Amino acid sequence: MPDLLGMDLGGTKLDFLLAAEDGTFLYEKQYDSPFQKTGKTLGKANSEVLVDTILTHIPGEQRVAAYINQTEDRFLKEAEKKIGSFDIAGKGASLCGKTWEQNGNIVIAGGNTPMRFASDQNKDKPGIVVMKARADYPVKAANDGTAAATAQSIYYKVAHGIDPKKTAYFILGTGFGCGIPGCDVPAEIGHIPVGFMPEALWQTCGCTTGHPTACAENYASGRGIANCARILLSLKDSPVLKTISPCLVRQTGFSSLSDLVTDSRISRHPQIDAKTVMDYAKNNADDLAVFIADLAAQVTADAAIAVAHLFGLTRVGIGESVARLNPWHADNIAKKVADRTRNSNMLVPPLKVELTPIDNPAKYGALSLVVPESQYETWAEKMAPSLPGDLPAGSQRGQS
Ligand SMILES: [Zn+2]
């Protein structure tokens with residue numbers, strides 16, 4: 001059976017994974033990302049990253065690709081030692097940034113990829129070359145959200161017959177993002193402004209520097225949930241709370257934001273992070289936590305509806321830490337979507353939002369870009385082992 005090579009380039013790690021075509025993992029290893037921060041700074045307070053310090057004899061614009069190429073060679077040699085020979089039929093790459101092809105190169109541009117390593121081949125659309133196309137097997141690359149969405153879409157296609165282009169994967173972790181299979185630009189839902197948000201709750205965001213915004217990520221993501229709790233608690237006894245209360249409580253059903261903040265027990269917690277807020281909210285142990293989680297759910301639901309209208313989606317699977325650790329939160333988001341879109345004559349069939357049905361979309365993402373369609377059923381079973389019997393009758397292959 002032919003094999004597939006997957007690569008996942010993040011801001012801190014570079015993962016390689018070799019798998020059989022049927023989705024059986026054969027060998028995997030993690031290395032440092034070329035963009036991993038060293039802790040030092042360069043001129044103008046830019047963070048120094050790993051490829052500032054190694055391969056310095058190679059020009060900056062070729063250095064990232066050279067590092068990735070060398071690391072891949074090292075991985076393949078180690079893999080051969082461990083598992084014997086293999087036969088690569090395709091390579092998929094999941095990349096931390098906007099991803100496109102340019103002159104036979106795969107190029108990225110993102111928030112964690114310093115542009116001093118960009119190629120100057122195309123000044124209108126500068127980007128960093130990460131790898132070249134190959135003559136011996138296909139190489140396909142996508143933004144990491146799109147790659148995870150592609151893996152998830154294989155399951156939706158096999159289990160429910162949904163066209164991959166009508167599905168999306170929501171990244172609900174430290175940040176908030178979205179991927180749609182086959183869409184070469186990431187749908188930046190995290191930076192859609194939340195219109196009803198009072199300025200007192202605006203936060204600085206990665207999309208701007210030193211300029212607070214009402215970006216959806218500032219309320220829906222783990223970082224946003226924690227910051228909302230800190231901001232609201234800091235406004236205790238401030239007249240601002242009374243001013244912003246009416247427009248916020250209208251979104252949730254509580255009567256007074258001032259009372260929620262005054263009575264909240266979160267402030268006594270030594271560490272106010274997303275986990276603390278969500279743990280209090282889950283057990284209804286603190287009304288302020290319930291309010292913040294509900295606000296996060298409303299913002300996520302509104303973003304799902306917006307992106308469904310724009311891209312013609314019928315199914316959104318939500319993954320990553322905030323969703324995974326809090327399935328009740330994913331259910332709340334789903335309920336808010338259903339409430340807001342009830343009787344919609346435009347979202348037909350109705351938009352369904354749920355916790356992603358597959359176990360590890362990020363891990364399968366890169367490989368899913370090159371898996372042949374003949375393997376989709378086997379892949380769907382491998383990716384969603386916790387859902388036995390969910391696949392339509394007759395699709396079980398009886399093969400592990
Ligand atoms: Zn933003």
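**Reading the sheets, helices and core**

Reader: Leaving aside its neighbours within four places in sequence, which residues is Val130 in contact with?

Author: In this predicted model, Val130 touches Leu9, Val64, Ala65, Ile68, Leu95, Ile106 and Ile108, once neighbours within four places in sequence are set aside.

Reader: Which residues have the most contacts inside the largest nonpolar core?

Author: The general idea is that, in soluble globular proteins, nonpolar side chains tend to be buried together. Here the largest nonpolar core has 114 residues, and Val130, Val277, Ile292 and Ala304 have the most contacts inside it. Helix H9 (residues 287-311) gives the largest share of this core, 16 residues. At least three core residues come from each of domain 1 (3-137) and domain 2 (154-355).

Reader: How far apart do the C-alpha centres of domain 1 and domain 2 lie?

Author: Those centres are 32 Å apart.

Reader: At what angle do helix H8 and H9 pack?

Author: Helix H8 (residues 274-282) meets H9 at about 105°, and their axes are 8 Å apart. An angle from 65 to 115 degrees counts as roughly perpendicular, so H8 is roughly perpendicular to H9. On the H8 side, Val277, Met278, Tyr280 and Ala281 make the contact; on the H9 side, Ala289, Val290, Ile292 and Ala293 do. As for the spacing along a helix, an α-helix has 3.6 residues a turn, so residues three or four places apart point the same way.

Reader: Next, the sheets. What is the strand order in the open sheet of 5 strands?

Author: In general, strands of a sheet pair through backbone hydrogen bonds, either parallel or antiparallel. The open sheet of 5 strands has mixed pairing and the order E3-E2-E1-E6-E10. Strand E3 (25-32) and strand E10 (139-143) each have a single partner strand, so one side of each lacks a neighbour in the sheet. From one strand to the next, the twist averages 15°. Strand E6 (residues 88-95) and E10 run parallel and are joined by 5 bridges. Leu95 stands opposite Asn143 in E10.

Reader: Which helices lie across strands of this sheet?

Author: Helix H2 (residues 60-83) lies across strand E2 (13-20) and E3, at about 140° to E3. Helix H3 (residues 144-160) lies across E6 and E10, at about 110° to E10.

Reader: Where are the edges of the open sheet of 4 strands?

Author: That sheet has the order E12-E11-E13-E14 and mixed pairing. Strand E12 (176-179) and strand E14 (352-355) are its edge strands, each pairing on one side only. On average, its neighbouring strands are turned by 20° against each other, direction ignored. Strand E13 (residues 315-319) runs parallel to E14, with 4 bridges between them; Gly317 has Glu354 in E14 as its bridge partner. H3 packs on this sheet, touching strand E11 (167-172), E12 and E13, and its direction makes about 130° with that of E11.

Reader: How many residues of strand E4 are buried?

Author: The count is 0 among the 5 residues of strand E4 (residues 37-41), which is hardly covered. E4 runs antiparallel to strand E5 (residues 47-49), joined by 2 bridges, and Thr41 has Ser47 in E5 as its bridge partner. The hairpin of E4 and E5 has 5 residues between the strands, and there Lys44 takes a positive phi near 55°.

Terms used:
Residues are numbered from 1 along each chain as its sequence is written. This is a predicted model: local features need pLDDT of at least 70, side-chain atom pairs count only at pLDDT 80 or more; totals for chains, interfaces and linings use all residues. Two strands pair if DSSP finds at least two bridges between them. Axes are lines fitted to C-alpha atoms, for helices over the stretch in contact, and angles run from 0 to 180 degrees between N-to-C directions. Two residues are in contact if their C-beta atoms, placed from the backbone, lie within 7 Å. Domain bounds come from an automatic or database domain assignment. A nonpolar core is a set of buried Ala, Val, Leu, Ile, Met, Phe, Trp, Tyr and Cys residues joined through C-beta atoms within 7 Å. A residue is buried if 20 or more other C-beta atoms lie within 10 Å of its own, exposed if 12 or fewer, and partly exposed in between; C-beta atoms are placed from the backbone. Angles under 35 degrees count as roughly parallel, over 145 as roughly antiparallel, 65 to 115 as roughly perpendicular and the rest as oblique.
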